[in-house]
Amino acid sequence: MLKTITLELKHPLDRTIDGSELTIDRLVHLSERELFHFELPTMTGSLKLGDLFSIHFSDGSKKDSNGIEQQLIMSGDLRKIVGLSSHTRLGRTVIEGDVGDRFGSSQMGGELLALGSVGHNAFADKRGGMAFVSGNAGDGLGAPSPASTRGIQGGDTIVLGNVGARACERMRRGTVLVNGNTGSYLAHGWIAGTILVIGSLGSHWCSGMKRGSLILTSMPSSPSGATWTQARPTELTFLPILWKHLQKELHLIQGIVESKPQLRPLLSELRHQLPRGRWVDRCRGDLECDGRGELLVTSGDEALEVNP
């Protein structure tokens, strides 16, 4: 059965709250009484979850189509909650509203969906799972956590809006899709992984890049922080597999947010914008750091036809 816990914010938050323990992994094992008394640290003492949120339980008749058994839905303006859903490993968490810094940091698995914008350092040190942001993301998306040298290390991350500076710094593996624009220093010190940007790039992108694939739909006009070879037409057989995988993830997200009519056309448009071919203009770089990364600019063939 699909067990759902719904938390509805009772009133606007007046102080910053540490939400690093507020995860579906913790809450799903608690009774209603234990949930009410669940403590959230602040700079001036702890607050009880039940004093901040109305708590509701529901049990569906079966798992959803993606095999999810536990679901946490939180609604309200959560920008003063930092570290929400850190170290998530299982289930699905849906945030209906904006959320504060460090959302989903060190995500291990499961599904995290923010139907709004997220603050700085969202999905820092991410290691697995699927993450989706319908709005914008602040600086440091997927960057290393403090005292860490590793950024995103796995999973899929999709942002419909823009992302701030230093996104995907020191990324090691995984896939990131940005439908909007990126800030400066995208993928600084990149180790490996795949980033697809539909919008435009800020300056100094891919500086210190060692490996990885940056995929764009047109040649960038902003200055790069890397040194590149001349572009050459190249056929890459892995690209249709990537397009199919991204289409599958976007289709999954469409099913989850089907009750949000404002998101469905945006997701359908993004699915139609995704490339479908295997030919790109390819440059290698950063030549100052071994030259094993690649910039791939799609050939402009027609977008893949998909069901809306």
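Guide: A charge is said to sit over a ring if NZ of Lys or CZ of Arg is within 6 Å of the ring centre and within 35 degrees of the ring normal. The model discussed here is predicted.

Visitor: What makes Lys126 a residue that lies over the face of Phe123?

Guide: The distance limit is 6 Å from the ring centre, and Lys126 lies over the face of Phe123 at 5.7 Å from that centre. Arg166 is likewise placed over the face of Tyr185, at 4.7 Å from the ring centre.

Visitor: Why is the pair of Phe103 and Phe123 called edge-to-face?

Guide: The structure holds 2 aromatic pairs. In the pair of Phe103 and Phe123 the ring centres are 5.6 Å apart and the planes stand at 65°. Rings pair if their centres lie within 6.5 Å, and planes over 60 degrees apart count as edge-to-face; the pair is therefore edge-to-face.

Visitor: Where in the chain are Phe103 and Phe123?

Guide: Phe103 is in the loop between strand E8 (92-96) and strand E9 (111-114), and Phe123 is in the loop between E9 and strand E10 (130-133). The two residues are 20 residues apart, and the pair links distant parts of the chain.

Visitor: How do you know whether Phe103 is buried or exposed?

Guide: Buried means under 20% relative accessible area. Phe103 has 0%, so Phe103 is buried. Phe123 also counts as buried because its relative accessibility is 0%.

Visitor: How do you know that the radius of gyration of the protein chain agrees with that of a compact globule?

Guide: For 308 residues, a compact globule would have a radius of gyration near 19 Å; the protein chain has 20 Å, which agrees. Buried residues make up 54% of the 308 residues.

Key. Residues numbered from 1 in each chain as written. Predicted model: local features only at pLDDT ≥ 70, side-chain atom pairs only at ≥ 80, totals over all residues. Heavy atoms only, no water. Phe/Tyr/Trp six-rings, centres within 6.5 Å; stacked < 30°, edge-to-face > 60°. Helix = DSSP H or I, 4+ residues; strand = E, 2+ residues; numbered from the N terminus. Buried < 20%, exposed > 50% of the residue type's maximum accessible area, 1.4 Å probe, protein only. Rg over C-alpha atoms; globule rule 2.2 N^0.38 Å.
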